[in-house]
Structure formats: C-alpha cells, structure tokens
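Hello,

Here is the structure I promised to pass on. Please have it open while you read my notes below.

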Amino acid sequence: MSVRNAPRGTEPRGTPTKLDEFGQIKGRSPWRWSRRSNRTPWVSILIIAVVLVLPALLADVITVHDPLRGVLSDRLIPPAWEDGGSWTYPLGTDKQGRDILTRMIYGARISLSVSTLTILIGAVVGSTLGLLAGYFGGWIDRIVSWLIDTFLSLPNVLLALVIVAAIGPSFVTIIAIIAVTIWASFARQVRGETLSVRETEYVARARVAGAPSWRILARHVLPNVANTLIVLATLLVGVVILEESSLSFIGAGIPRPNPSWGVMVADGRDQILTAWWVSFFPGLAIFLVVLSLNLFGDWLRDHLDPKMKQRG
Amino acid sequence: MTPTNPSLSQADRQSGSAVLEVTDLKTYLFTRWGTTKAVDGVSLYLYPGETLGIVGESGSGKSMLALSLVRLTPEPASRIVGGQVLLGGRDLLALSEKQMRDVRGKEISMILQDPQQSLNPVFSVGNQLREAIEVHDQNLTDEQAHERAVSALTSVHVPAPEERLRNFPHQLSGGMKQRIVGAMAMAYQPQVLIADEPTTALDVTIQAQYLRLLKDLQTRTGVGIILITHDFGVIAEACDRVAVMYAGRIVEQAPVAEIFDNPQHPYTRALLESRPKLDSTATRLRSIAGQPPSLTDLPEGCRFAPRCEYAIDRCQREYPPTLSMSDQHTAACWRSEEAPWANR
Amino acid sequence: MGKPLMVVEGLTKHFPVSAGQYGGKTIGHVKAVDDVSFSIDQGRTLALVGESGCGKTTTARLVLRLRTPTSGRVTLDDRDVHQLAGADLKWFRTCVQAVFQDPWASLSPRMRVRDIVAEPLIVNKKMAKDEVRERVGLTLEKVGMQRWQGDLYPHEFSGGQRQRVALASALVTEPRLLVLDEPVSALDVSVQAQVMNLLKDIQADLGTAFLLISHDLATVRYVADQVAVMYMGSIVEMGDVEQIFKSPQHPYTKGLFQSALPMHPRDRVDDLKIHGEMPSPLDPPSGCRFRTRCNQVMEVCTQLPAVTEIETGHTVSCHLYPRAL
C-alpha cells in the first residue's frame with residue numbers, strides 16, 4: 001500500500017516497537033515468537049528458488065553433462081568429497097554413468113513443469129465448477145458436489161497404474177492423472193467460499209445494481225475467493241511433486257530415461273547401501289522443496305488474511 | 001502527568017468503601033505499525049449497588065477497558081502496562097493468572113455484547129450454565145449443580161427454567177440468550193459485573209426489559225455494575241453515574257442527571273447534541289466534524305482539540321488536567337471553568 | 001402531489017420450512033410478509049418501523065426484486081416490477097437503488113471505490129469511459145467525499161465514509177427511489193448525525209424518494225414524512241409522521257414509544273407496556289398477532305382486525321377501532 005494524502009485510516013506507518021520499555025509486565029511473554037512466526041520465510045523462499053525454480057529455468061545453461069546418456073566407464077562414482085569421487089561429477093554418477101547433479105537440475109524442470117501445469121488445469125476446472133456450484137446451487141450444485149465427492153475418493157495410485165498399464169507412461173498421462181484428482185480439492189474449497197460470499201451485502205448490492213450473474217461472479221465473488229485459492233495452489237505444489245515422485249517411483253509416472261526426481265530415487269533403489277548417493281540427493285531435493293513450499297504456503301495464508309479483516 | 005483518582009474524595013478513599021477502584025490503567029496494543037494506546041491512564045471507581053456507565057464511540061478504547069478489568073485482553077498483541085485495579089482492596093493486576101482465574105467469574109464477572117458469541121452453539125444451555133457453576137466449586141454433586149442452574153435461571157426471570165436448560169442456543173431468542181448469559185455471570189453473585197454493550201444486539205422492546213433485569217439483580221444482590229455503551233438512552237435508563245471516554249482517556253465523569261443537564265466537556269456536549277430527539281422537529285442535526293484520532297498516533301495536547309469548536313492554543317499544546325466542577329463532577333478541559341458554551 | 005411513485009398492494013411472502021435430510025418435506029410456512037400495502041410519493045420518505053422479525057427487511061428485498069413475492073404486486077409508475085424484463089428491467093434498476101446496513105460488508109473488498117460507485121451505471125447504460133468517470137466524480141462530491149478517494153479501497157475508510165460510498169453507488173444512476181435498510185444503525189452516534197443530514201440534503205437536492213427501514217424511532221422522526229409500523233409481517237398502523245408520533249393509536253405503536261429508552265433520567269418510566277417476547281413466526285397467534293403481548297387484549301382479538309382510517313391518512317389495524325371515527 002502506498003502512502004498518500006489519504007484520510008487518517010489505517011495506513012501502516014512507524015517502525016515495530018521494541019519490547020524493553022515495558023518492564024513491569026506480568027504473565028507470559030510470547031510476543032517474541034509471534035513476531036518471529038510472522039517474519040517472511042526467507043529460507044524457504046531461498047530453497048524453493050535455488051533447488052526448484054532456478055535449475056528449472058537455467059538447466060540448459062548451467063549444466064555440462066548430458067542428463068540422458070552417460071559414460072559407462074564412469075558408473076557409480078561417489079560424490080566429490082568421498083574417496084574415489086571427483087569434481088567432474090560433484091554429486092556422483094548413477095549406474096549408467098550419468099551425472100547426478102545434472103539429472104537433478106533437469107529433474108527440477110520436470111517437477112516444476114508438471115506441477116505448474118497440473119495445478120493450472122486443476123485450478124481452472126475446479127474453481128469454475130466450484131463457483132458455479134456455490135453461486136447457483138440447485139441441480140448444478142448437486143451434480144458438482146457429487147463429482148467432488150467421487151473424485152476425492154478415487155485411489156490415485158491404483159488408477160495411475162491401471163491407466164499406465166493400458167496406454168503407457170508419458171508426460172501428458174501423468175499430468176492428466178494428477179489433475180484429475182487435484183481439481184476436486186480446488187472445487188470444494190471454492191464452492192464453500194462462494195457459498196458464504198454469495199450471502200454478503202456487497203453481492204446483494206451488485207444484484208440491486210442490476211449486474212448479471214457472470215459479472216457478479218467475475219468481479220465480486222472470484223476476487224474475494226482468490227486469496228485462499230492462491231494459498232491452496234501453493235500448498236498443492238508440494239503435494240503434486242510428491243505424487244509425481246511416487247508415481248514415477250513405481251513406474252507409472254514420467255517415463256525413463258527422463259530424470260524426474262522420483263525416477264531417480266527409484267533408480268537408486270537397488271544400490272541404496274552401496275551407492276547411496278544415487279537415491280539420496282534427489283530424495284533430499286524432494287523433501288526440502290516440499291517442506292519449503294508448505295512453510296511458504298502457511299506464511300502466505302497468514303499474511304494474506306489479516307489484511308482483509310482490517311477495519312477502517 | 002499522572003492523575004490520581006480525582007473524583008474519589010479523601011474521606012471516601014480513606015473509608016475504602018468503593019468496591020472497585022481503578023487508578024491510571026494503561027493497556028497498549030503492540031502491532032507492526034506502532035503502539036496503540038487503547039487505554040491510556042483511566043481512573044474510576046465504583047460503589048456497591050451502583051451502576052457506572054462508560055460511554056464512548058468506537059475507537060475510544062471502552063471495550064479494551066472492560067477486558068482489562070478482568071484481564072482478558074487479547075494476547076500476545078496487547079498488554080496491560082500500568083496502573084492498579086483494586087477489587088475489594090486487592091490489586092487484580094498483581095495476581096498470578098491462576099489466582100485471577102479464581103477471581104474471574106466469582107468476584108468480578110462480565111457480559112459481552114453479542115449473545116451469539118457468548119454461548120457455544122453445540123452445547124445445551126444447561127450444560128454451559130452448569131459448567132459456569134462447577135468451575136468455581138468442584139465439589140458439587142450433579143443434583144446440586146442442577147438445582148443451582150435452575151435457581152440461576154429463575155433469578156433472571158426465565159420462564160420454565162427446567163425446559164430451557166435442555167434447549168440449545170439456536171432455539172432461543174436474543175433476549176433469552178442474554179438473560180442466560182446474565183445468569184451465568186451472576187451465578188456466584190460477584191461484587192462487580194461488567195456489561196459490555198449488553199443491549200446493542202437486542203430489539204428495542206427487549207432492551208428496556210433487560211436493563212430492568214440488571215437493575216433488579218443489583219437491588220437483590222448489591223452488585224456494582226459497569227455498563228459500557230455508546231447509547232445515551234441506555235445511560236439515561238440504567239446508570240447512576242457516567243464516565244465519558246474519548247481516545248483512551250476519560251474526559252468527563254458525573255452523576256447521570258448532571259451529564260445530561262450540565263455537560264462540561266465539549267465532546268460530551270457534542271455527543272448529546274448529535275442525537276435526534278424523539279420529541280423535537282429539528283431540521284438539522286449537529287454533528288462533530290472530523291474523526292477520532294488514531295490511537296497509534298495521538299496528539300500532544302487535548303485529543304479532542306482538532307475537532308473542538310472551543311479549542312484554544314493551549315488545548316493543542318498541553319493535555320488538560322482533570323478539574324473538579326463540583327463534588328463528583330470532573331472534566332478534563334482547559335475551558336470548563338469559563339464554560340464558553342453557556343450562552344448558546 | 002399527483003400519482004404515487006410506487007404502490008405496494010397485498011404483498012405477501014411465505015417461506016416454506018422443510019424437514020428431512022434432503023429438504024424434501026414442507027412442514028409449515030413462515031409468513032414473513034403478510035398482505036402489506038402502502039404507497040410512496042415522489043420525493044417523500046416512507047419509513048417502515050418495527051423490530052427484528054417484523055418483515056420490514058423482507059419487504060425491502062421484495063421491493064428491490066431480490067426476492068419474488070408469493071402474492072401481491074409492487075408497481076413503479078404503474079408498471080409491475082416483478083414482470084419486467086430486458087430493457088425495462090434495466091430501467092427499473094436505474095430508478096430504484098439501495099443502501100444496506102453494514103458498512104463493513106456492503107462494499108466489495110477487492111474493488112476500488114470508483115469501480116464500486118460506477119457499477120450501477122456500467123451495467124445498465126452504455127456510456128463512454130470519461131462520461132462515467134465524470135459522473136462518478138460528481139457523485140462522490142455530492143456525498144461529501146473527494147474525487148481522488150475513488151482510487152482507494154474500502155478498507156481504507158471509516159464506517160461513516162463507507163456508508164457515503166455506498167450512498168454514492170446508489171445515487172450514481174440518479175434513482176427516483178432509494179431503499180435504505182438501517183443505513184445508520186451500525187455507525188457511531190456522531191457519524192449517524194452526519195449521514196442523516198446528508199440524506200436530507202440529497203433528498204432536497206435530487207428529489208429522490210426514500211423507503212427507510214429502521215427500528216430507531218428518533219431517526220425515523222428526523223427523516224420520514226410517513227411511517228408504517230410493522231409487527232410479525234403486517235402493518236399495524238400507518239400515517240403521517242406527526243400523526244404517528246403525536247397520537248399513536250395501536251397498542252404496539254404506543255408500546256414501542258414507551259419502550260424506547262428515555263432521553264433523560266427523569267423520563268424513566270416505571271411500567272413497561274409491552275411484555276414477553278415475539279412469538280415464533282412458525283406458529284403465530286391467530287387473529288391479531290399482537291394479542292399475546294397486548295395489555296388491552298379482548299376476546300374478539302382472536303379474529304383478524306380490519307384496517308380502519310381514524311383520520312385522513314392515518315390507518316390502524318386493531319379491534320379497539322372497529323369503525324372509522
């Protein structure tokens with residue numbers, strides 16, 4: 001919010017208060033950690049940027065090795081700091097002689113693109129259905145609610161296995177499979193919010209003004225539902241990455257030799273005790289990214305909400 | 001300057017007969033945008049069996065004042081940072097949280113504005129009433145607790161109390177819910193009852209009934225009531241003395257008739273004049289220009305000065321002391337002695 | 001004075017109450033509005049007064065076409081409001097606008113003020129962008145705000161200012177009738193005065209008629225020309241504001257005045273004339289619905305009273321007045 005010559009409302013100003021001035025306070029002093037929990041989660045953001053986003057964007061530029069074809073004579077070389085390792089392959093190589101680090105960087109691209117596309121599709125389809133169901137009610141709502149309940153109870157893994165067994169794994173397949181389960185989460189949330197926004201006085205006023213339904217949905221309902229939508233999307237990125245990894249691990253996701261992190265973990269499964277680095281590093285990447293996304297999503301939710309409840 | 005409790009006369013202070021004595025209470029909120037001085041040096045007193053009205057608009061700090069008296073201010077954002085609250089001689093601010101829990105509900109109790117929010121919708125009324133009763137006396141048998149609940153409802157004139165105990169909040173009207181909340185608050189016959197806008201959410205015809213009920217409870221138990229409101233009608237109906245609150249401080253205190261007949265602070269006068277009167281046919285209402293100051297960014301001098309039609313230079317520079325007009329009537333205004341409004 | 005601007009005849013709205021898991025069975029009806037009739041003249045103010053549950057809000061919603069009536073008619077310039085469609089409907093929307101009670105909930109949080117104010121204009125008329133901007137600016141000034149404030153969002157304003165924005169949004173199409181649903185109840189006392197003065201100025205300036213919904217008698221006295229008192233869905237008394245305030249006839253109206261909180265401690269009354277609470281709307285008393293709380297109740301009150309005109313323009317629905325005097 002920029003500060004202008006505005007009427008004296010609730011423009012934020014001043015610096016945060018120091019605690020020391022008020023020594024004679026009785027009772028607990030949890031004020032400190034509440035302040036900390038409201039701080040921007042820079043570490044999470046950094047991790048997301050460095051482990052997921054930057055590699056995905058810059059993969060072609062920053063890598064030296066070929067992620068898909070390896071040098072067979074350089075199989076299973078340990079990471080650089082171990083005995084037998086070298087800095088040519090900083091994190092070691094897998095059993096086909098492919099550089100782990102390079103594959104992880106390309107893997108980031110896969111994770112990011114799969115999750116972005118899936119969530120985009122899921123969000124658009126889910127939100128639209130949720131909006132329509134919540135606003136119009138009646139038979140639209142009954143059908144959509146039934147669809148939501150059904151899709152949310154689908155066993156994704158089984159479904160994925162069956163479909164992949166039938167038509168073989170591919171990018172498109174896995175995006176479709178995950179999107180099919182994700183849209184219902186969006187729809188449910190958006191429907192619930194729409195139900196409550198529909199009853200507000202500002203929607204009543206728009207109806208009195210004569211605004212047609214599509215305009216009310218677009219200008220009054222959707223913007224007010226968007227907040228939680230963004231938070232949900234952020235939190236679901238982690239879920240999608242995990243799901244893609246799991247499906248790839250069991251062979252029902254990204255087809256080999258593409259270096260999805262899940263595929264990489266699966267590849268190292270047999271050598272877990274001898275060549276631990278093959279599974280460990282992609283597994284670590286999955287863990288760090290998903291954790292950071294969750295923390296970031298939580299912060300986003302807290303950060304976006306209270307502003308809305310500010311009173312003039 | 002720290003005003004001591006100016007309206008409490010020497011003799012009164014010595015006899016110690018006031019049941020509640022608040023001195024220079026300060027409650028601040030700490031946000032990332034600065035410190036909000038919601039209650040900034042409030043002093044008042046209350047005798048048994050009397051009703052003190054605290055009147056103010058939104059942003060005056062009156063609700064924070066109510067919460068501060070029972071130490072229920074929202075944490076960790078807010079903190080009582082100074083002052084004394086003597087209940088029967090004991091400083092509530094010096095107690096530990098455990099000790100305060102014994103006092104809260106038993107010796108000092110509170111009714112909130114919205115009965116919807118005070119009652120839990122998933123439990124029956126009887127359940128909640130018994131809980132309020134049992135929290136301070138663990139040794140009651142089920143039967144005894146039930147008896148007490150029934151008599152609590154009878155004391156607030158709820159018809160068919162046995163049946164009401166089985167009802168859930170959504171089955172009852174607003175007025176009924178407020179009575180039950182009142183019964184819960186009075187279950188242990190506290191010395192002081194704080195009612196924060198208890199009638200605002202009620203219908204017109206129920207409001208007067210409810211205030212009568214409070215009066216009735218007061219006559220029977222001698223409880224002292226602090227009634228917080230923005231409505232002068234409530235003040236006129238139910239209060240013995242009045243304190244007017246503006247921007248975190250009390251600007252005027254007086255017995256109820258005096259506040260209406262002879263207000264000595266420009267803010268009080270302006271508030272009274274801006275009410276539409278049932279019996280007059282004025283064509284224009286007098287309103288107050290401007291808005292209350294932000295409690296995060298308070299001016300040096302009198303806080304009402306920017307909006308006051310009688311403000312002089314001194315008002316902007318120095319905060320006025322609390323001056324006594326007469327026994328019991330005080331106002332914090334540099335011009336109250338001259339009373340430039342007298343000839344209007 | 002001529003023909004009235006709006007006429008409401010026999011307006012009735014029943015809400016079915018259903019039971020069962022999927023809302024199948026209808027077990028009864030809530031008669032929220034029951035055979036209500038009144039008219040509003042050009043440029044004048046009619047107030048609907050009553051407590052919560054009396055049906056005044058539902059009546060307002062029916063007038064605004066936010067709900068459809070079970071029976072009865074609402075006409076504007078002799079045209080049935082609920083039969084309008086297409087271009088006629090747009091005409092209606094430009095003629096009748098509303099301001100609602102809660103300033104914190106009646107403005108879209110994510111729209112700028114100027115877009116909120118412009119909306120009724122944009123959806124009903126085709127106008128050039130600068131024309132719209134000009135009108136919005138003018139209207140903001142009319143309600144005592146400044147043009148640049150249109151760039152801000154609702155949460156940057158106080159309650160009183162938000163009501164002004166709501167008012168501007170309602171006035172931008174220059175409506176002939178403004179429905180005001182408790183426009184000042186949620187505001188501070190000193191701000192109420194500001195907004196009420198503003199309403200009177202606007203009526204004088206633009207000649208807009210007002211339908212004012214309120215439970216506060218003092219506000220009504222200040223703003224209204226005519227008053228209709230409602231109880232449990234029906235109008236029990238109606239007349240000029242002076243008639244109602246100086247000589248109320250219906251026991252409920254009298255009780256309302258007496259229950260009003262006093263203006264001064266010396267005006268405290270000992271005996272409240274209305275006791276008890278409003279009966280459940282699912283099971284209203286037969287005949288006169290007020291009879292369970294009336295201190296002048298008679299045997300005949302179990303039958304519906306007729307509407308009697310006790311003086312010109314002043315009607316009562318009560319068995320105490322069986323014939324015109």
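Which residues of β9(C) lie on one side, and which on the other? Gln226(C), Ala228(C) and Met230(C) are on one face. Val227(C), Val229(C) and Tyr231(C) are on the other. All of these are buried, so both faces of the strand are covered. Keep in mind that this is a predicted model.

Start with chain C. Strand β9 of chain C covers residues 226–231. Six of its six residues are buried.

Now look at its partners. Strand β3 of chain C, residues 45–49, runs parallel to β9(C), and four bridges join them. Find Leu46(C): its bridge partner in β9(C) is Gln226(C). Strand β10 of chain C, residues 234–240, pairs with β9(C) in the antiparallel sense. That pairing has six bridges. One bridge to find there links Ala228(C) to Met238(C) in β10(C).

β9(C) and β10(C) form a hairpin with two residues between the strands. Check Met232(C) in this hairpin: its phi is positive, near 45 degrees.

Next, chain A. Helix α8 of chain A runs over residues 213–249. A straight helix of 37 residues would span 54 Å at 1.5 Å a residue. The end C-alpha atoms of α8(A) are only 46 Å apart. Where is the kink in α8(A)? Look at Leu222(A), shortly before the proline Pro223(A). The kink there is about 45 degrees. Then go past the end of the helix. Gly251(A) follows α8(A) and has a positive phi, near 90 degrees.

Best wishes

Definitions and conventions: Residues are numbered from 1 along each chain as its sequence is written. Chains are lettered from A and ligands numbered from 1 in the order in which they are written. This is a predicted model: local features need pLDDT of at least 70, side-chain atom pairs count only at pLDDT 80 or more; totals for chains, interfaces and linings use all residues. A residue is buried if 20 or more other C-beta atoms lie within 10 Å of its own, exposed if 12 or fewer, and partly exposed in between; C-beta atoms are placed from the backbone. Two strands pair if DSSP finds at least two bridges between them. The expected span of a helix is 1.5 Å times one less than its number of residues. The bend at a residue is the angle between axes fitted to the seven residues ending there and the seven starting there.
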